Amino acid sequence: MIDIAGLIAENIIYVLLITLGGVLVSVSVHFVPVGGAPAAMAQACGIGTGTVQLAAGAGLTGLVTAGAMMGVTDNIGLVLASGTVGGMIMIAVTMIVGNWVYFYGVGCPAASAKVKYDPITKDRQDLYISQGTEGHAIPTVSFVSGVIGAGLGGLGGGLVYYALLKIGEVASGLTVKDIMSTTGHELVGLASIFAVGIFFMNAVIPSYNIGGTIEGFHDPKFKRWPRAAITSLVVTFLCAILAVVTLGGM
Amino acid sequence: MDPLIGMGALALMGAAATIAGASEDLESDIGSQSNPNSQVQLAPQMSYPHRIYNKAISGEPPSNALMCTIGGTVAYVMLNFNVSVVLALTIGSLVAAMVHGTYATTAYMGRCSSQKRFKQMVYLDVLRSHTPPIMGYSFITTFTILVVSYIMVTVFAHPFPLPLLAFIWGITVGAIGSSTGDVHYGAEREFQDVEFGSGLNTANSGKIVRKAESGLRSSMDNSWFCAKFGGPVTGIAFGMTVFLSGWITTVFDPSKGPAAGWESVIAGALIILVMIIYNRKMEVSARKEFGPYKEDKEEAA
């Protein structure tokens with residue numbers, strides 16, 4: 001019989017880290033400028049895909065880079081920083097190429113429909129919106145917001161993965177170095193799948209706030225983030241307990 | 001690891017990822033997957049029945065993740081039986097392509113037959129001619145993603161298991177294809193009859209172009225058109241993502257010590273900064289080139 005209360009008490013710091021990581025992912029999604037289906041037809045400002053899909057794509061790239069870093073060092077700062085940078089690179093490349101398609105393939109300049117002037121560059125936006133649309137492409141403010149969002153997502157994902165592996169380390173009595181020296185160790189598989197699951201769950205929660213489209217931190221919908229943060233705090237906490245019991249009980 | 005071998009393996013990964021991105025986008029164009037398919041689905045209701053393949057099994061990332069995970073799992077099992085790598089990856093991709101073809105067929109039949117009341121036909125010749133290329137593209141995507149994942153596991157000693165890496169790169173390639181190349185299909189190819197650069201007026205939703213350069217348009221024509229721009233740029237995007245995220249840790253190897261690790265993080269941050277500046281330059285040049293759509297009323301007054 002597993003001593004559940006004892007396990008949780010022993011790993012409480014990691015439970016808190018996982019919860020924090022989940023909340024970070026949930027907040028990060030609000031920064032990512034997604035235009036959903038309308039943006040794919042140059043009908044709305046932002047990246048032309050769904051909220052969860054893009055946030056997951058960026059965050060999971062961060063998880064891959066954080067996982068690679070954790071393979072060689074267990075320095076928490078480095079693991080988190082590499083997760084952040086990995087997510088940021090993925091989204092920055094996606095937005096650059098997305099803008100290539102909007103500018104050179106579709107022929108639309110970047111314009112936001114939510115603000116009259118871009119808060120960063122102070123460029124006029126409303127004149128550059130074509131008739132019958134809600135803006136198109138990715139203006140600078142949305143680009144910067146997207147980079148911040150993907151960075152936070154990668155950071156959150158990295159934090160969850162780090163904490164999960166540390167729980168496994170305590171449970172199995174091995175160090176991270178020992179775990180990494182064996183190819184395809186079951187703890188790595190389990191921790192990474194848990195990290196992906198917690199990531200997806202927290203990417204879905206903010207979709208109810210966003211409702212299909214958001215342009216970034218200048219969008220009025222962005223102000224709703226505390227609701228998603230509180231929801232994800234509760235849900236991730238429960239998941240973290242489940243993770244401790246699963247990984248710790250191995 | 002010898003840095004030269006690392007760079008070589010990374011270049012191979014980047015090249016494989018570029019092919020994966022391009023084939024993923026063309027697969028989604030020929031099968032009409034993802035967001036632009038909302039217009040294909042809407043068209044019969046606007047009295048525009050068509051001969052476009054209509055599948056949209058799911059969002060592109062989950063669909064590609066499924067394909068790549070099936071391929072990765074089959075390959076992983078075969079590798080454990082000491083089968084040669086090329087054979088294992090090929091058989092894995094073949095199984096994934098067959099599963100994908102099954103989903104594509106049922107999706108096309110189901111989606112089109114459910115629109116009978118809007119006089120949408122189920123074209124069996126479209127099904128016969130389009131499903132094999134869809135499977136072909138999905139085979140290429142899965143195979144190249146598996147190559148990327150396999151190199152990461154063996155050469156770069158990534159701790160994640162092969163099927164999980166394939167899953168993650170499947171999600172990422174789908175997210176990138178859906179955000180970049182699909183816009184070329186949705187915003188330009190489906191609405192080629194409106195003036196270039198006008199975006200899609202909401203009033204035109206569902207009124208997709210149904211005539212091809214010659215005869216009636218099918219998804220083959222869409223794939224031909226998107227292969228000129230949307231597909232290759234998606235390839236560049238995914239190739240760059242895989243290459244740049246690996247490049248920083250290959251050049252500044254964190255296994256040599258924390259200092260090199262931090263240098264890799266700084267290099268990544270610099271790359272992002274350069275991209276933000278480049279994007280701004282591009283935005284300004286597009287605004288200057290295209291000009292505003294309407295006059296400034298405040299200024300005119």
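In this predicted model, helix α3 (residues 60-80) of chain B packs against helix α4 (residues 85-113) of chain B, with the two axes 8 Å apart and an angle of about 145 degrees between them. Axes here are lines fitted to C-alpha atoms, for helices over the stretch in contact, and angles run from 0 to 180 degrees between N-to-C directions. Helices themselves are DSSP runs (H or I, at least four residues), as are strands (E, at least two), and both are numbered from the N terminus. The crossing of α3(B) and α4(B) is right-handed; that word applies if the near helix is turned clockwise from the far one by less than a right angle, and left-handed if anticlockwise. On the α3(B) side, the residues that meet α4(B) include B:M67, B:I70, B:G71 and B:G72. Their counterparts in α4(B) include B:V85, B:A88, B:L89 and B:I91. Contact means that the C-beta atoms of two residues, placed from the backbone, lie within 7 Å. By class, this contact has 13 nonpolar, five polar and no charged residues. For that tally, Ala, Val, Leu, Ile, Met, Phe, Trp, Tyr, Cys and Pro are nonpolar, Asp, Glu, Lys and Arg are charged, and the others, Gly among them, are polar.

Helix α3(B) has another partner, helix α6 (residues 162-179) of chain B; their axes come within 7 Å and cross at roughly 155 degrees. The two helices are therefore roughly antiparallel to each other (over 145 degrees; under 35 counts as roughly parallel, 65 to 115 as roughly perpendicular and the rest as oblique). This crossing, too, is right-handed. The contact of α3(B) with α6(B) splits into 14 nonpolar, 10 polar and one charged residues.

Stepping back to chain B as a whole, there are 11 helices and zero strands. Its C-alpha atoms fill a box of roughly 65 × 60 × 25 Å along the principal axes. Of the 301 residues in the chain, 51% are buried, which takes 20 or more other C-beta atoms within 10 Å of a residue's own; 12 or fewer makes it exposed, anything in between partly exposed, and C-beta atoms are placed from the backbone. Among contacts in chain B between residues at least 6 apart in sequence, 77% join residues at least 24 apart. Helix α7 (residues 181-188) of chain B is largely enclosed by the rest of the structure, because eight of its eight residues are buried. Among them are B:D182, B:H184, B:Y185 and B:E188.

The two chains meet through 71 residues from chain A and 70 residues from chain B. On the chain A side, the elements that give two or more residues are α3 (36-40), α4 (51-70), α5, α6 (140-172) and α8 (186-204). The largest share of that side, 22 residues, comes from α5(A). Its residues divide into 42 nonpolar, 29 polar and no charged.

The largest nonpolar core has 166 residues. A core of this kind is a set of buried Ala, Val, Leu, Ile, Met, Phe, Trp, Tyr and Cys residues joined through C-beta atoms within 7 Å. Those with the most contacts inside it include A:I18, A:A195 and B:V148. Helix α5 (residues 76-106) of chain A gives the largest share of this core, 19 residues. Leaving aside residues up to four places away in sequence, A:A195 touches A:L63, A:G157, A:V160, A:Y161 and A:L164.

A few single residues are worth a look. A:I179 sits in helix α7 (residues 176-181) of chain A and counts as buried, with 21 C-beta neighbours inside 10 Å. Not counting residues up to four places away in sequence, it touches A:G168, A:E169, A:L174, A:H185, A:L187 and A:V188. Backbone angles pick out A:A137, whose phi is near 60 degrees, a positive value in a residue other than glycine. A:A137 lies in the loop between β2 (135-136) and α6 of chain A and is buried, with 32 other C-beta atoms within 10 Å. B:A56 also has a positive phi, near 40 degrees, and is found in the loop between α2 (37-42) and α3 of chain B. With 23 C-beta neighbours inside 10 Å, B:A56 counts as buried.

Residues are numbered from 1 along each chain as its sequence is written, while chains are lettered from A and ligands numbered from 1 in the order in which they are written. As the model is a predicted one, local features need pLDDT of at least 70 and side-chain atom pairs count only at pLDDT 80 or more, whereas totals for chains, interfaces and linings use all residues.
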